[in-house]
Amino acid sequence: MRFVVLIPLILSFIAFVLTNLALFAGHQQGFMEDYAVIRLNTSMLGQDMFQGDDKSDSSDDSDDNDDDDGFFDKLKDKVHDLGDDAKGKLSDLTGDLIDDIADELGISDWYSIHIMNACQGGFGANATTTHFILNVTNCTQSSPSNRFNLTEVLDQELSLGPFDISLADINWPDSIQDKIGDLNKALLALFVFYVLGVAFSGLSMLACIPAFLLQDKKIILLANTALASLAAATITLGSIIVTAASSIAVNAINKAGGKVSLVAYKGTKFYAITWISAIFMMLSTLFWVGKLAMLWRKEKKERERYSKERF
C-alpha cells in the first residue's frame, strides 16, 4: 500500500512543473511564446480608418472640410514631402487593405503579455486566422513600477515609422491602456500566488518521501494535507484571478479597439496549464484528506475495541 503515495507525488510534481512553466513563459525571447496571458493583434491597426477615408475621398471630392479632417488626408500631408517612395507606400496601404498594415506603419504585428514580461513580433508567412506563426523580435522585462504600456510603445514606433504619425491621428481610445493597466495589476497578484504555489507544490512533492518511508503517521499525513491544500489554494486563486481579469480586459479591449481594428485574444494554452495545475493539486489534497479519514476511522475502531476488551 505504500506505493499508493506515488499518486500524490506524481500529481504534485506535474503541478510544480506546469506552474513554473506558466510563471516563466515568455521570460526569454521565444520561450513558450504561445503561452501568453493575452495577445494583441495590431497587424490591421487603423484599417477601418483608411478604408472609410479612402471611400469618402473618392465619393465626395467637393466636401473639402471632411477631406481635410480625415485621417487619410492627414497621413497624405505627412508623406507629401517624403518623395515617391513614401507616396507609393501610402498607395499600397490604402489600395490593398488585405496587406499587412502594421509593416507599413512601422509597428509590430502583435504584442503579447506574460506574467513577468511582454513581447512583440510579426506573423510568419504561413500565418492564418486559426494558426499563427509567431516570430518574436523583442521582449521587455516587467516590474511593479514598469509594466507593459501599449499606448507608449505604439506611439514611439509610429513616430519612428515611415509616415511619422501618432496614435492621435487614428483616434486611439485611451480606455485600451486603462484596461491593460487593470490587467497588469492582476498579473502582479498572480505572480505572488504563483510563487507561493510553486513553493507549496514543491514542498508537497518532497513531503511525499517521508510518507512513503514511514507510511500512516498522523503528523506526516497532516503535514502533507496542509502543504497540498496551500498549494491548491494559491494556484486556484491565481487561476481565478487571471481568468477573470483577462476575460474582462479582452472583452473591453475588443469593444474599444474595434474602431481602430485592434483585436485581443486570450491565451487558451496558458489557461489550460494553470487550471491543470490547480486541479492536480486539488486531487492531491483529496488524497491526503482521504488518508487522514481512513486513519481516523482505523483509530476509532481500535479505541472501541480496546474499550470493549477493557470492560
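Author: What follows is a conversation about the chain shown above.
Author: This is a predicted model, in which local features need pLDDT of at least 70 and side-chain atom pairs count only at pLDDT 80 or more, while totals for chains, interfaces and linings use all residues. Residues are numbered from 1 along each chain as its sequence is written, and side-chain values use heavy atoms, with hydrogens and water left out.

Reader: Okay, how many helices and strands are there in the chain?
Author: The chain has ten helices and five strands, where helices (H or I, at least four residues) and strands (E, at least two) are DSSP runs, numbered from the N terminus.

Reader: In what order do the five strands sit in the sheet?
Author: They form an open sheet in the order β4-β3-β2-β1-β5, with antiparallel pairing, and two strands pair if DSSP finds at least two bridges between them. The edge strands, each pairing on one side only, are β4 (134-141) and β5 (263-266).

Reader: How many bridges join β3 to β4?
Author: Seven bridges join β3 (residues 117-123) to β4, and in one of these strands, β4, asparagine 135 is the bridge partner of glycine 122. β2 and β3 pair in the antiparallel sense over four bridges, and a hairpin of three residues joins them.

Reader: What does isoleucine 113 in β2 stand opposite?
Author: Isoleucine 113 in β2 stands opposite isoleucine 38, and in β3 the bridge partner of isoleucine 113 is alanine 118.

Reader: Switching topic, where is threonine 42 found?
Author: Threonine 42 is found in the loop between β1 (38-41) and α2 (47-59), and because its relative accessible area is 0%, threonine 42 counts as buried. A polar atom of its side chain lies 2.6 Å from the backbone oxygen of serine 108.

Reader: And what about glutamine 177, is that buried or exposed?
Author: Glutamine 177, which lies in helix α8 (residues 175-214), is buried because its relative accessible area is 15%. Leaving aside neighbours within four places in sequence, glutamine 177 is in contact (heavy atoms within 4.5 Å) with Phe148, Asn149, Leu150 and Thr151. A polar atom of the glutamine 177 side chain lies 2.8 Å from the backbone nitrogen of leucine 150.

Reader: Where is isoleucine 7 placed?
Author: Isoleucine 7 is in helix α1 (residues 6-24), and it counts as partly exposed because its relative accessibility is 44%. Isoleucine 7 and phenylalanine 287 are 280 residues apart in sequence, yet 8.3 Å apart in space, C-alpha to C-alpha.

Reader: Last one, which residues does UniProt list for "transmembrane region"?
Author: The unreviewed UniProt entry lists residues 186-214, 226-250 and 270-296, with positions given in the numbering used here, feature names shortened, and annotations that may be inferred rather than shown by experiment. In the model, residues 186-214 are 100% helix and 0% strand, with end C-alpha atoms 42 Å apart. Residues 270-296 are 100% helix and 0% strand, with end C-alpha atoms 39 Å apart.

Technical notes: Buried means under 20% relative accessible area, exposed over 50%, partly exposed in between (1.4 Å probe, protein chains only). A polar contact is a pair of N or O atoms within 3.5 Å; within protein, one must be able to donate a hydrogen and the other to accept it, and residues adjacent in sequence count only if both atoms are side-chain atoms.
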